2 protein chains.
Amino acid sequence: MQEKYIRWGRQKNCMRELTAYGNARKAEIGADRVFDFSLGSPSAPVPKPVWEAMREAMKRPDVHEKTPPAGLSALREAVAENLSGRYGLDLTAELVQIVTGAAGGLAVCANALLKPGDEAIVLAPYFTEYRVFIEGAGGTVVEVPPLADMQPDLKALRAAISEKTRLVLVNTPNNPSGAILSKKSLTGIANALRKAGERYGRPIYLLSDEPYRELCYDRKAIPAPMAAYENTILCYSFSKSLSLPGERIGYLTVHPQLTDREAVQRALLDAAVSLGYCAAPSLMQHAIVPCVGMTADITRYRKNRALLYGMLTELGFDCVRPQGAFYLFVKSPLPDAKAFSEAAKRYELLLVPSDDFGLPGYLRLAYCVPEETIRRSEAAFRALAEEFGRRKD
Amino acid sequence: MQEKYIRWGRQKNCMRELTAYGNARKAEIGADRVFDFSLGSPSAPVPKPVWEAMREAMKRPDVHEKTPPAGLSALREAVAENLSGRYGLDLTAELVQIVTGAAGGLAVCANALLKPGDEAIVLAPYFTEYRVFIEGAGGTVVEVPPLADMQPDLKALRAAISEKTRLVLVNTPNNPSGAILSKKSLTGIANALRKAGERYGRPIYLLSDEPYRELCYDRKAIPAPMAAYENTILCYSFSKSLSLPGERIGYLTVHPQLTDREAVQRALLDAAVSLGYCAAPSLMQHAIVPCVGMTADITRYRKNRALLYGMLTELGFDCVRPQGAFYLFVKSPLPDAKAFSEAAKRYELLLVPSDDFGLPGYLRLAYCVPEETIRRSEAAFRALAEEFGRRKD
């Protein structure tokens, strides 16, 4: 057996544990008495046209046939057209590879681009499994902590880059912080990677994980990493935008001017085959074709964001202003966020401590919950604030 | 980039090339004038209850939610019940892990069980991608050639086992040979692996890839590797039995008495997560629950098998008697099967040379084609036989 899996198996996963605890607790005292903010699973209804497209796809005689490894041509073309319009780049279908969910896409990238000894930089806080994908591919994780506003610390990034750096992984909007990478941050990252690429004589690729791209509340669209840096590989999933997390469908797109583009694309395709992917599920590929540019109605996330952020800041909690995704990132009143998460359980509040996200001292609250859950949780948060407010003084 | 992917990218894949050639040729002279036996894709209609179950699943509010990593409990239970009945073993849901197609399951096994330096034995002829999964996981492939009847050469198997052997991979019914492992062969393999396991003080696992299990024509069921050897991991896919190759849904099941069972199951689950699988596609998991024991109507494969085998043996071709799957394995009249495949193209016959399957000198003919294709190909095969029959004399 691979030692790495045995080691991972022994590691505790706070998120998984909290969800399991929550389910047991709900069975014990009733679901409406537990305020579960642990799970980042989309709650907006699947858009009607997606259901319609699924029913249409089921009429095709070839709906269950295996598609080419890079995906259905029609879907690759629809994605390319959508992205070209967004980014003002000439993105063709040949640059798009359909993948089995964003996790599949990230694992494919890590395996295609990293070899043992290579380093991948991740900007903290970051989604827990980035480490699993990078180490699984034989690479080494180098963490760069953020500034207080959750934008990247560019000085720390420059210091972290070495001749072994092959990849920098970013996530915008960010899980768990809700932050969106600013244009200034993207320019800073691009300049740092370009300079280091020249210095070491090989490109450093930016892998931009954007499943929450459409969940963006204060502006029309997020600043696009692909528009800022030519050595960008975009990883996208329809899980969040169309509320289809179980169906495992997304895409990778490489920038047209990516260094060694053909070799990289060949490696991405071969990595997918070598990891056993064959191709993404066929029915959903057919169904997504007419739905590429759509987004579920995210009004509920927008409302919940305002409600929860307003409520917690008023109660004196120190919150990162959430710009996108459906997470609120709250500074832990105790130095140990795990201890604070334990204390919150006494008020039936389930908050994920940030230690698993590579940045201790915070709690992640997923606000993709029924609005009622937030409203009914107010008394519990108030009691929690009073207990820890008093202690702080 | 990983050198292995660049190397694989450069390798020619006869199957892929032949399919591409065939498509071009069909466009040129008409699909009915090309006799394409290159593609092993199921042609039996998807059973009606599967469509019904898909429509029922689409009514569930949770149909698109991510399932647990090991799969839906209901599906794991249905699989366990079905297998217990088949094998007379007490197989519980805990022993079943739902995977994203058989390819996904095999890649997960290779990554979970092999570490660099480990050897995996494959019994030739074997499905091309076994090598990709094993080498992708850092393992080394050791090939064991078959006897003339395509049963394993047990003496060669015993000689191939070393202290580095971690895994033996079998495929029954076999792609490309159509052979089914006999009870005698299974007992021989089990004895060899048990003895070697004792000698080296660690278990050698048998990974049994059985996507064609239900495509078995001369008897009620194939002899089951899992019933013969306790250190067996079964890999199954619904692609062939339910004609759903595009939907990527299957399972792994470990024997209840598997050595180090808990650590192996933990590694299998962690490998799936690390390769980016999350969980198998949710809609299809729900839809398969009531369909676990079903098989599409395989009458057409049975008829085509008799027709093609009869026709080719009568024309003087030396054929392995096909017992299962939908492949006919034919001895090449020329020593170089690739050269013979090229010659066959002149008669618009597309036959896959066996070199990619780890056993030179044969051609694979997929007979999951319309019956008409076989009937209409007779003149071409006759002309081919005459050309090469004459040369042989």
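At roughly what angle do the axes of helix α5 and helix α6 of chain A cross? The points below begin with that pair and refer to a predicted model.

1. Helix α5 of chain A spans residues 101–113 and helix α6 of chain A spans residues 129–136; their axes cross at roughly 35° and come within 8 Å. The crossing of α5(A) and α6(A) is right-handed. On the α5(A) side the contact is made by A:A103, A:L106, A:A107 and A:A110, which meet A:E129, A:F133, A:I134 and A:G136 of α6(A). Sorted by class, this contact comprises 6 nonpolar residues, 1 polar and 1 charged.

2. To their contact, domain 1 of chain A contributes 28 residues and domain 2 of chain A contributes 33 residues. On the domain 1 side, at least two residues come from each of α1 (3–10), α12 (299–314) and β10 (327–331) of chain A. That side of domain 1 of chain A holds 17 nonpolar, 6 polar and 5 charged residues.

3. In chain B, an open sheet is formed by 7 strands with mixed pairing, in the order β2-β8-β7-β6-β5-β3-β4. Its edge strands, β2 (96–99) and β4 (140–144) of chain B, each pair on one side only. From one strand to the next, the twist averages 20°.

4. Within chain B, strand β3 (residues 119–123) and strand β5 (residues 165–171) run parallel and are joined by 4 bridges. B:V122 has B:L169 in β5(B) as its bridge partner. Helix α10 of chain B (residues 261–274) packs on the sheet, where it touches β2 and β8 (250–254) of chain B, and its direction makes about 160° with that of β8(B).

5. Which element gives the largest share of the side of chain B that touches chain A? The contact between the chains involves 50 residues of chain B and 49 residues of chain A. On the chain B side, two or more residues come from each of α1 (3–10), α5 (101–113), α6 (129–136), α10 and α11 (282–288) of chain B. The largest share, 9 residues, belongs to α5(B). By class, the side of chain B that touches chain A consists of 28 nonpolar, 15 polar and 7 charged residues.

Key
Residues are numbered from 1 along each chain as its sequence is written. Chains are lettered from A and ligands numbered from 1 in the order in which they are written. This is a predicted model: local features need pLDDT of at least 70, side-chain atom pairs count only at pLDDT 80 or more; totals for chains, interfaces and linings use all residues. Axes are lines fitted to C-alpha atoms, for helices over the stretch in contact, and angles run from 0 to 180 degrees between N-to-C directions. A crossing is left-handed if the near helix is turned anticlockwise from the far one by less than a right angle, and right-handed if clockwise. Two residues are in contact if their C-beta atoms, placed from the backbone, lie within 7 Å. Ala, Val, Leu, Ile, Met, Phe, Trp, Tyr, Cys and Pro count as nonpolar, Asp, Glu, Lys and Arg as charged, and the others, Gly among them, as polar. Two strands pair if DSSP finds at least two bridges between them.
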